[in-house]
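Subject: Structure for you, with notes on disulfides

Hello,

Here is the structure I promised. Please open it first, then read my notes below.

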Amino acid sequence: EVDSKLDPGHYVKAEAQSLDAGGTPTAPQGCGAVPFNPKITASSTSRAASASSGLDFELGLPNEGLTNPSGIAETEPEKVEVELPQGITANPSTAAGLTACSEQQFEEASITNPGCPASSKLGTLFARSPLIEEPVEGAVYVATPHANPFGNLLSLYIVASAPERGVLIKQAGRVDINQTTGQLTTTFDGLPPLPYSSFQLDLHEGPRAPLTTPLTCGAFQATARLYPFSEPSTATVRTAPFTINSGPEGGGCVGSETQLPNTPSFEAGSQTPLAGAYSPLVLNLGRSEASQRFGAINTTLPEGWLGKLAGVPFCSDAQIAAASARNGEGQGALEQASPSCPEASQVGVVNITAGAGPDPYPVQGKAYLAGPYKNAPLSLAIVTPAIAGPFDLGAVVVRVGLYIDPNTAQITAISDPFPTILDGIPLDIRSVSLNMNRAGFTFNPTSCEPLSITGQETSTLGQTTGLADRFQVGGCQNLPFKPAMAISTQGKTSKASGASLTVKVSQQSGEADIHKVDLTLPSVLPARLTTLQQACTEAQFNTNPAGCPPGSFIGTAKAITPILNVPLIGPAILVSHGGAAFPDVVFLLQANERGATIRVDLDGKTDIKRGITYSRFETVPDAPITSFETILPQGPHSVLAATANLCTSKLSIPTELTGQNGALVKQNTPVTVTGCLKAKVLTRAQKLALALKACHSKHNKAKRHACERAARKKYGPLKKKAKRAAEK
């Protein structure tokens, strides 16, 4: 724009044009003769595999013609694309303390003020031009995700200046991420036509460097495509080779990821290892950079390490689906601010670290109790907002099926596969820590025997490694063990219907759980062999208990436990096991806990010696009960018979109850006989009357007098009035 002295303040716009020798406008000629011979070098700052790394990138232009009066100045690139080799990816660790530079901050950058905050800085820039002595220096910053000129997840801003010369360079660059492999390609388009001889960009190195090196050793190369101003439609391609020559953490090199060991660390235990106490369950899984990456995990908890479901609502399938739908960029903050699952269903937290280097980035998720999943009666829904520094990659949901062993009540947790890459950024999960810290939820066994927590970790390559950690609680001797037992039978029996038996065991809160029960039935209550012969086969029971013969169903049972909202109820079934002389009595107990079917099998071994029936429950689950009651009724399939009048028999059952803490209660439990007619209590006068009546009916006159004298002597002396009434 040009201003004149005659009309000051009135600028007239003029456009520069190329003119030929006659002054006629013409297009520039000889573009094909303009030299363009760029040279690049590029390499990771770390030569170790699977390590946090910076990047050293340099572009050189000889530009000899710029200072040679007879030469032609070299052109510069208008557009540069730099493709890093596959295996070099974005490092989540760099997000710690990282912020982003907004578009406004970038626009406000000046020669004296870079505009972007120092916390958004990823590296430095250094350029030289043969036209000036001073270098042009600056930095590269991370742009606000999606709120940048390209509207994408990852973009860069370059701000550089030479203050002494009044030079300011601002440039935005786009980073494209391969969603499957994480490969990075950075593009700077519309570069200024400023002559320079070298351009050097260095991304920070160190524990929180922005890149992660490949998992394996070998030769790699970065590829640059440079489009010169002289011919912007044609790319000049340059490559920059470099090598990774040491294994992760200074170890030996491997040629493929499958050669890496799968050696995770594993720790698990109770925060307060006191028998029977409520205590958070803590489980830690970790790995070094030299180990294969996590794929999934399953763990089996020790017997007796359970959770109290009563009073804890489920996170419904619909609510879990709502959390899963928040998997888009920017929606992690929404899940964080307004969780999809109700707070009342939260039972713990999950702490995860991700990224290369000694300080991987930490994120936290929440563990919610949920209902049936993949044939498991219960599950956990672990919801983690994937927010790292300025990046929000949405919410991640991982389900964990909770399977219950019907014989021991042990819980086996089997996770879905862990996520490995989000929006092209490999997560590189380094550790997973589960803390079931809901107050009054998980509680310890009441057995102080040495136990273990076992499981398996599966890597992303499908290789499995066994997990195990020793587990033991203390303080069992301080637990009381005073179970109460009541046994009854009906007095009226028959050969066709046999005899009944009702057994009820109850316990108070805070007691050691029952481990074993031994009962020795009275000889007058023998087992009915005709019923034992109708036992269900083991194969049929394991396939479908409902298909067992009707004659094998001999009664019912009901267990009330404080850890469930509903009781466990079910049939008592005779089940024959191979090699056993007599069938077992298996109580198949089930509870429908809000749509979740929880099953526990109590297996009682049966033995008969010399007509005496022994019933032994040798492995009762270490779980608290308020009461357990079984009713074995009379009927065509009654399991017991009666060989004497039960109403006139004084019955008791020798009983041994062993606690999980080793305490023993040994007693003779009396058997209450119900349904018998009560004997009428007679006075002596009434007894005398009956005796005299018997004398009259049984004897002739000669013997009658002797009988009467004996009766009067036995029941006398009576008052005259009572005696006369009795004789009358």
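Does Cys-217 count as buried or partly exposed, and at what relative accessibility? Cys-217 counts as buried, because its relative accessibility is 15% and the cut-off for buried is under 20%. Keep in mind that this is a predicted model.

The partner of Cys-217 is Cys-253; a disulfide joins them, S to S 2.1 Å. The link is left-handed, with -80° about the S-S bond. Cys-253 counts as partly exposed, at 44% relative accessibility.

The search of the whole structure finds seven disulfides. Two others from that search follow.

Cys-101 and Cys-116 are joined by a disulfide, S to S 2.0 Å. This link is left-handed, at -70° about the S-S bond. Cys-101 is in the loop between β5 (89–90) and α1 (103–107), Cys-116 in the loop between α1 and β6 (121–128), so parts 15 residues apart in sequence are tied together. Cys-101 counts as buried at 0% relative accessibility. Cys-116 counts as buried at 6%.

Cys-448 and Cys-476 form a disulfide with sulfur atoms 2.0 Å apart. Their link is right-handed, with 100° about the S-S bond. Cys-448 lies in the loop between β27 (442–443) and β28 (451–459), and Cys-476 in the loop between β29 (464–471) and β30 (484–490); the pair links distant parts of the chain, 28 residues apart. Cys-448 and Cys-476 are both buried.

Best wishes

Terms used. Residues numbered from 1 in each chain as written. Predicted model: local features only at pLDDT ≥ 70, side-chain atom pairs only at ≥ 80, totals over all residues. Heavy atoms only, no water. Disulfide = S-S within 2.5 Å. Helix = DSSP H or I, 4+ residues; strand = E, 2+ residues; numbered from the N terminus. Buried < 20%, exposed > 50% of the residue type's maximum accessible area, 1.4 Å probe, protein only.
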